[in-house]
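Please read them with the structure open.

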Amino acid sequence: MPATVTFPNGTTAPALGQGTWNMGDDPRRRPAELEALRTGLDLGLTLVDTAEMYGSGRSEQLVGEAIAGRRDEVFLVSKVLPGNASRRGTVDACHASLERLGTDHLDLYLLHWRGGHPLADTVEAMEALVAEGAVGGWGVSNFDVDDLDDLAAATGGGSTSGPQTDQVLYNLGRRGPEHALLPRLRADGLPLMAYSPVEQGELARHPLVASVAADLGVTAAQLALAWVLRLVPDAFAVVKAGTAEHARENAAARELDIDDQAFVQLEREFPAPAGATPLEML
Ligand SMILES: NC(=O)c1ccc[n+]([C@@H]2O[C@H](COP(=O)([O-])OP(=O)(O)OC[C@H]3O[C@@H](n4cnc5c(N)ncnc54)[C@H](OP(=O)(O)O)[C@@H]3O)[C@@H](O)[C@H]2O)c1
């Protein structure tokens with residue numbers, strides 16, 4: 001049974017989901033991308049992460065096409081651009097995303113990164129979207145510990161549902177969040193959502209990862225994914241696959257248990273952060 005993660009509001013979603021950055025941009029790749037997403041859904045990768053930013057809405061349109069007729073299977077995540085994240089702009093942006101996605105609700109709506117609009121305004125808009133049923137929950141992305149402090153001050157007890165996750169860059173080569181952010185999220189009862197878990201393909205080509213993976217009879221991408229998924233139930237991971245073959249390979253990574261020896265080998269190449277590390281983003 002594939003692992004799931006539960007949000008503070010009690011909703012549960014699969015620990016491994018599908019990312020969609022850079023998808024929908026090239027008409028020649030579209031059939032393969034649709035097949036990849038649908039294959040992922042068939043295999044239980046039913047959390048699908050997109051954003052209004054991705055291809056200026058083209059990713060959301062592609063996702064809408066991929067999930068047409070099977071919306072109920074999907075845990076759908078999208079994001080508002082910081083420049084749109086005013087009280088009114090957040091609501092309008094969400095409705096535009098829903099239109100492109102061909103649905104009447106998102107399961108989760110994230111502030112893509114922190115911008116100039118007061119957090120309290122964004123939070124108020126997010127709560128209004130929850131109240132109207134346009135989103136099941138809301139959260140943030142690329143928030144470091146100090147941003148979470150400010151968010152807590154902005155929600156200030158007036159928030160009825162509160163944030164559900166912080167989607168951040170986290171993988172073997174980006175372990176900074178382990179120092180302070182992950183402990184903070186755990187203390188707040190918020191699951192982390194790791195993006196770029198294979199470092200946009202780089203970890204799938206990394207010689208040391210490939211060699212440790214070969215000893216385990218798996219691919220480097222699978223090992224890198226399984227390494228992030230060791231944090232379940234405290235973390236999700238969203239990986240982007242542009243082909244059905246990659247989607248199948250990634251889905252199979254959920255079955256992989258990394259043994260201690262492999263952990264030690266990976267730890268030598270990718271040590272845990274020695275101290276405070278500012279949150280990185282792509
Ligand atoms: N909140 C944020 O600011 C933020 C930032 C970045 C990303 N994200 C989200 O996180 C998702 C994932 O991150 P990402 O797309 O940046 O990078 P990623 O998922 O780490 O890597 C995607 C790349 O890895 C390749 N790949 C995937 N599976 C593979 C496999 N089994 N074997 C070999 N190569 C494989 C893909 O190639 P193919 O296309 O050929 O399969 C693609 O080039 C995004 O799509 C997006 O939804 C969010």
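1. First, a term. A cavity here is a set of grid points where a 1.4 Å probe fits but cannot get out. By that criterion the structure holds 1 cavity of 30 Å³ or more. Keep in mind that this is a predicted model.

2. Size and lining of the cavity. The space in the largest cavity comes to about 40 Å³. Its lining is made up of Leu-111, Leu-119, Thr-122, Val-123, Met-126, Trp-138, Gly-139, Val-140, Phe-143 and Leu-151. Two elements, α4 and β7, each give two or more residues to this lining. The largest share is from α4, with 4 residues. By class, 8 lining residues are nonpolar and 2 are polar, with no charged ones.

3. The barrel. Eight strands close into a barrel in the order β3-β4-β5-β6-β7-β8-β9-β10, and the pairing is parallel. From one strand to the next, the twist averages 30°. In general, strands of a sheet pair through backbone hydrogen bonds, either parallel or antiparallel.

4. One pair in detail. How many bridges link β9 and β10? Strand β9, residues 192-195, pairs with β10 in the parallel sense over 4 bridges.

5. Helices against strands. Helix α3 covers residues 87-101 and lies across β5 (75-80) and β6 (108-111). The angle of α3 to β5 is about 135°. Helix α4, residues 119-132, lies across β5, β6 and β7. It runs at about 170° to β6. Recall that α4 also gives the largest share of the cavity lining.

6. The largest pocket. Its volume is about 700 Å³. It is lined by 36 residues, and those closest to its centre are Ser-196, Val-198, Gln-200, Val-239 and Lys-240. Elements giving two or more residues to the lining are α8, β10 and α9 (244-252). Which element gives the most? That is α9, with 3 residues. The lining divides into 15 nonpolar, 15 polar and 6 charged residues.

7. The second largest pocket. This one has a volume of about 230 Å³. There are 16 lining residues, and Leu-229, Arg-230, Arg-254, Leu-256 and Asp-257 lie nearest the centre. Here the classes are 12 nonpolar, no polar and 4 charged.

8. A cis peptide. The bond joining Val-232 and Pro-233 is cis, with omega about 15°. Pro-233 sits in the loop between α8 (220-229) and β10 (235-239). Please check this bond in your own viewer.

9. Positive phi at Asn-22. This non-glycine residue has a positive phi, near 65°. Asn-22 is placed in the loop between β3 (16-19) and α1 (30-42).

10. Positive phi at Asn-142. Asn-142 also has a positive phi without being glycine, with a value near 60°. Its loop lies between β7 (138-141) and α5 (145-155). Asn-142 is buried because its relative accessible area is 9%, and buried means under 20%.

Technical notes: Residues are numbered from 1 along each chain as its sequence is written. This is a predicted model: local features need pLDDT of at least 70, side-chain atom pairs count only at pLDDT 80 or more; totals for chains, interfaces and linings use all residues. Side-chain values use heavy atoms; hydrogens and water are left out. Buried means under 20% relative accessible area, exposed over 50%, partly exposed in between (1.4 Å probe, protein chains only). Two strands pair if DSSP finds at least two bridges between them. Axes are lines fitted to C-alpha atoms, for helices over the stretch in contact, and angles run from 0 to 180 degrees between N-to-C directions. Contact means heavy atoms within 4.5 Å. On a 1 Å grid over the protein atoms alone, a cavity is a set of points where a 1.4 Å probe fits but cannot get out, and a pocket is an open set with protein on both sides within 12 Å along at least five of seven lines; lining residues have an atom within 4 Å of a point. Grid points are joined across faces, edges and corners, and a volume is the space filled by probe spheres set on the points. Ala, Val, Leu, Ile, Met, Phe, Trp, Tyr, Cys and Pro count as nonpolar, Asp, Glu, Lys and Arg as charged, and the others, Gly among them, as polar.
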